[in-house]
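Subject: Structure handover

Hi,

Here is the structure I promised to pass on. Have a look at it first, then read my notes below.

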Amino acid sequence: MNYYSLNNKSPKASFKEALINGLAPDRGLYFPESIESLGQDFIKKIDQLSHQEIAFEAIKQFVGNEIPENSLKEIIEKTLSFNFPLEQIEDNIYSLELFHGPTMAFKDVGAQFMAQCMGYFNRQSKTSNVTVLVATSGDTGGAVANGFLGVEGIDVVILYPSGKVSDIQEKQLTTLGNNIQAVEVNGTFDDCQEMVKTAFLDTELNSKKLTSANSINIARWIPQMFYFFFAYKALKDKSKEITFSVPSGNFGNICAGIMAYKLGLPVKHFVAATNINDTIHQFLETGIYAPKTAQQTISNAMDVGDPSNFIRIQQLMNNDIHKLKSIFSSYSFTDQQTKEGMKKLYKNASYVSDPHGAIGYLGLKKYLKNKSLHNTNGIFLETAHPCKFLDTVENTIKTKVEIPLQIKSILEKEKNSIKINDYSEFKSFLLKS
Ligand SMILES: *Cc1c(COP(=O)(O)O)cnc(C)c1O
């Protein structure tokens with residue numbers, strides 16, 4: 001399988017090259033040259049397939065023959081070592097829980113898959129160390145750090161906005177040591193992301209083999225489509241129309257959902273639910289894409305003002321805004337509304353949600369408001385365990401949240417990071433290390 005750059009000014013890349021490059025040399029995002037539907041038979045027999053079998057069938061065309069089938073199956077086995085329960089919340093409303101992985105946020109699947117693939121290629125051709133750069137608004141850092149921890153031949157550098165991630169998130173990315181280094185940036189997530197992009201283009205850093213592990217990387221982005229197939233498998237009544245609501249920041253997860261749709265998953269509509277960072281909602285209203293500086297919210301993993309993956313969504317819909325609007329909506333919610341959503345979920349369904357999942361729920365309810373519900377199943381993605389946003393959750397629903405053991409043990413560890421203010425400081429750190 002070849003990948004081309006959405007800026008169309010770079011040579012085509014193989015799966016391996018696109019994985020290692022992260023971003024194409026012309027700063028464009030990589031996109032698969034072809035996408036083939038899995039066909040009706042696959043969808044019809046999905047109940048009889050394991051998660052691993054579904055994942056293998058869905059992703060093999062995107063890897064092609066660069067990883068042999070057996071090795072790809074092993075990679076998938078390691079990636080999918082936990083559950084993805086679909087919890088009923090109301091009549092026809094479900095929560096797809098994506099937080100049962102090692103760092104308790106949905107990014108674990110993409111991060112593990114990418115780390116396993118890079119580990120595979122590194123074993124094949126022993127070369128010099130690769131440095132993975134990753135900017136995080138909260139959960140990516142922990143998931144990537146965990147996925148790559150101890151993977152031979154790979155150093156990981158994580159940039160995060162100082163004071164803008166939760167305590168647990170910060171501990172998850174600053175306490176691992178080994179081949180993982182955390183860099184604390186005096187700025188926003190967008191600043192972190194910009195530094196990563198600039199480093200890739202900086203010819204003075206050419207001697208370092210740099211790659212990214214953000215959701216722009218195809219190996220992080222594409223496996224996220226598994227969730228949508230798993231949700232479909234878990235639904236008992238498959239006769240109704242399905243709407244997915246995805247709490248969205250960089251729009252990688254929802255873009256993977258639309259990829260699943262392209263592969264033949266019967267989805268009626270996608271809702272991108274966001275916090276007040278509503279660039280895409282505005283775009284759908286006005287047709288004008290006007291990126292903004294990210295504003296800080298209680299759903300910090302979605303504080304993104306210029307969502308990288310939206311361009312891929314447009315490509316999947318042939319850059320046709322009318323076609324896009326027929327399957328895709330976006331709604332934005334304030335922190336106050338988010339808290340009300342969390343309270344409602346707790347009061348009516350005894351469901352403790354994190355702020356991101358609550359926004360997913362609100363987006364779903366808003367979209368379905370005028371639809372005939374007896375004909376619809378609505379699924380929102382619950383993207384993080386509520387304990388990752390402990391203070392917000394406990395103060396909102398006035399109840400103690402149980403902290404799972406794997407998180408408790410991290411809280412006692414000591415934070416280890418280096419602080420920087422701008423790109424030049426970042427660059428000298430990279431050159432020294
Ligand atoms: C990253 C993240 C999101 C946003 O996902 P995107 O793919 O960037 O849209 C939502 N919720 C949580 C908890 C996250 O960590």
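How far apart are the mean positions of the positive and negative charges of the protein? They are 2 Å apart, for 45 positive and 46 negative charges. Lys and Arg count as positive, Asp and Glu as negative, while His and the chain ends are not counted. Each charge is placed at NZ of Lys, CZ of Arg, CG of Asp or CD of Glu.

Some ground rules. This is a predicted model, where local features need pLDDT of at least 70 and side-chain atom pairs need 80 or more, while totals for chains, interfaces and linings use all residues. Residues are numbered from 1 along each chain as its sequence is written, and side-chain values use heavy atoms, without hydrogens and water.

Now the overall picture. The protein has 19 helices and 14 strands. These are DSSP runs numbered from the N terminus: helices are H or I with at least four residues, strands are E with at least two. The C-alpha trace spans about 60 × 50 × 45 Å along its principal axes.

Of the 433 residues, 60% count as buried. Buried means under 20% relative accessible area, exposed means over 50%, and partly exposed lies in between (1.4 Å probe, protein chains only). Of the contacts (heavy atoms within 4.5 Å) with a separation of 6 or more, 76% are between residues 24 or more positions apart.

Next, a sheet. Three strands form an open sheet in the order β2-β1-β3, with antiparallel pairing. Its edge strands, β2 (13–14) and β3 (30–32), each pair on one side only. Strands pair if DSSP finds at least two bridges between them. Three bridges join β1 (residues 2–5) to β3.

Finally, two residues. Lys107 lies in helix α5 (residues 107–124). Lys107 is buried, at 11% relative accessible area. Leaving out residues up to four places away in sequence, Lys107 touches Asp139, Thr140, Ala143 and Arg220.

Thr198 sits in helix α8 (residues 189–201). Thr198 is partly exposed, at 30%. Beyond its neighbours within four places in sequence, Thr198 contacts Arg27 and Tyr423. The C-alpha atoms of Thr198 and Ser326 are separated by 36 Å.

Best wishes
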